[in-house]
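Hi,

Here is the structure I promised to pass on.

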Amino acid sequence: MTKKLIVNPSWCKGCGICVEFCPKKVLKVVKEKITVVNYDDCIKCGLCELRCPDYAIYIEEVRDEE
Amino acid sequence: MPSELILKYMREEHLPHIWCPGCGHGILMRNVAQAIKNLGIDQEKVCLVSGIGCASRAAGYMDFQTMHTTHGRAIAYATGVKMARPDLEVIVIAGDGDCAAIGGNHLIHAARRNIGITVIVFNNDIYGMTGGQYSPTTPHGEFGTTAPYGNIDRPFDIAVLAAGAGASYVAKGTTYHAQQTIKLIENGIKHKGFSLIDCAGICPTYYGRKNKKGGAVEMMRYQRDNTITVEQAAKMTREEKEGKLILGKIAENDFPEFSDEYQKIIDRLKEGK
């Protein structure tokens, strides 16, 4: 299983909660929408998903191709 | 595309929801979905009942058997559902005003009867939908549109009120502590009898603005830095607990459940005794 960070800017209201509580400073609000600025540092902890009031960011588990 | 959890437990066509930017209700609603998923309960066997208010919109967004009822009466409707169909998992989502002011009497009597429903309070200390009026949980001295010089009421502690009225499982969660709150909601749903989980919400639009608490981020930070456990709270004086949020289980008891007791009467009369 590989984990992927996915954002859905069309649902984002730009509250900035995910940006504040991201332990690796991966995210930024640009023009009131969530933007991933530092993807390589993301540790896929899922704290953003847990605290996003608008379900605009989440970690997806993708099955590895065999 | 939203996450699997959202796709399964929410009505995607109604999202994004209409709650304000940074409103804690979205986080709490996700917690409810996650708790139900973790318990592996059949979606068709969950009946979600809500009244009126910001929090009560959850019944429109969540994909279960749902009822959006009248102001303050969600618990009364839920009682009816549970009596007719005791096999269903009946869950009520209510705001602080809906639950403790307009529906205050329904709350205490459902707790007293110990009917097997789970009440999840999205408690943001203010009436959001109608424009920031102070609610029964607005702390003393805080501001609302109807308390422009500060609230002179003393607030209800909904969890302690429910426990005092006889609820058999009572806990307190917060918006910031999502993982712990999910666990508490799970325990509440699993518990047989009346359960109530009082979740401290955040309302940046009205409560935050009226009381200069900052935006959503500042209010979340406040919850992070000012939450104590039930065990810590037990050792503190009232003055020390001022402004603190409590996290954890307040009460758990093994009282007889109401729909069970009712069934016992039916069985007894059928036997002609």
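A definition to start with: buried area is the accessible area (1.4 Å probe) that two parts lose on being put together, summed over both. The model is a predicted one, where local features need pLDDT of at least 70 and side-chain atom pairs count only at pLDDT 80 or more, while totals for chains, interfaces and linings use all residues. Residues are numbered from 1 along each chain as its sequence is written, chains are lettered from A and ligands numbered from 1 in the order in which they are written, and side-chain values use heavy atoms, with hydrogens and water left out.

On to the interface. Chain A and chain B bury about 2100 Å² between them, and carbon and sulfur atoms give 64% of that. On the chain A side, Trp11(A), Leu50(A) and Tyr55(A) lose the most area, together 35% of what that side buries. Counting contacts (heavy atoms within 4.5 Å), 15 residues of chain A meet 29 residues of chain B.

The rule finds two salt bridges across this interface (a side-chain nitrogen of Lys or Arg within 4 Å of a carboxyl oxygen of Asp or Glu). Arg30(B) forms a salt bridge with Glu49(A), with the closest N and O atoms 3.1 Å apart. Two helices of chain A, H1 (17–21) and H2 (47–51), each supply at least two residues of the side that touches chain B. Helices here are DSSP runs (H or I, at least four residues), strands likewise (E, at least two), numbered from the N terminus.

Next, helix H6 (residues 104–113) of chain B. Its buried residues are Gly104(B), Leu107(B), Ala110(B) and Ala111(B), where buried means under 20% relative accessible area, exposed over 50% and partly exposed in between (1.4 Å probe, protein chains only). Seen down the axis of H6(B), these fall within an arc of 135 degrees, so they line one face of the helix; the arc is that of the directions from the helix axis to the C-beta atoms. The face turned away carries the exposed residues Asn105(B) and Arg112(B). After H6(B) comes Asn114(B), with a positive phi near 60 degrees.

The peptide bond from Leu15(B) to Pro16(B) is cis, with omega near 0 degrees, and Pro16(B) sits in the loop between helix H1 (4–9) and helix H2 (25–39) of chain B. Glu32(A) is not a glycine, yet has a positive phi of about 65 degrees. Glu32(A) is exposed, at a relative accessible area of 60%.

Cheers
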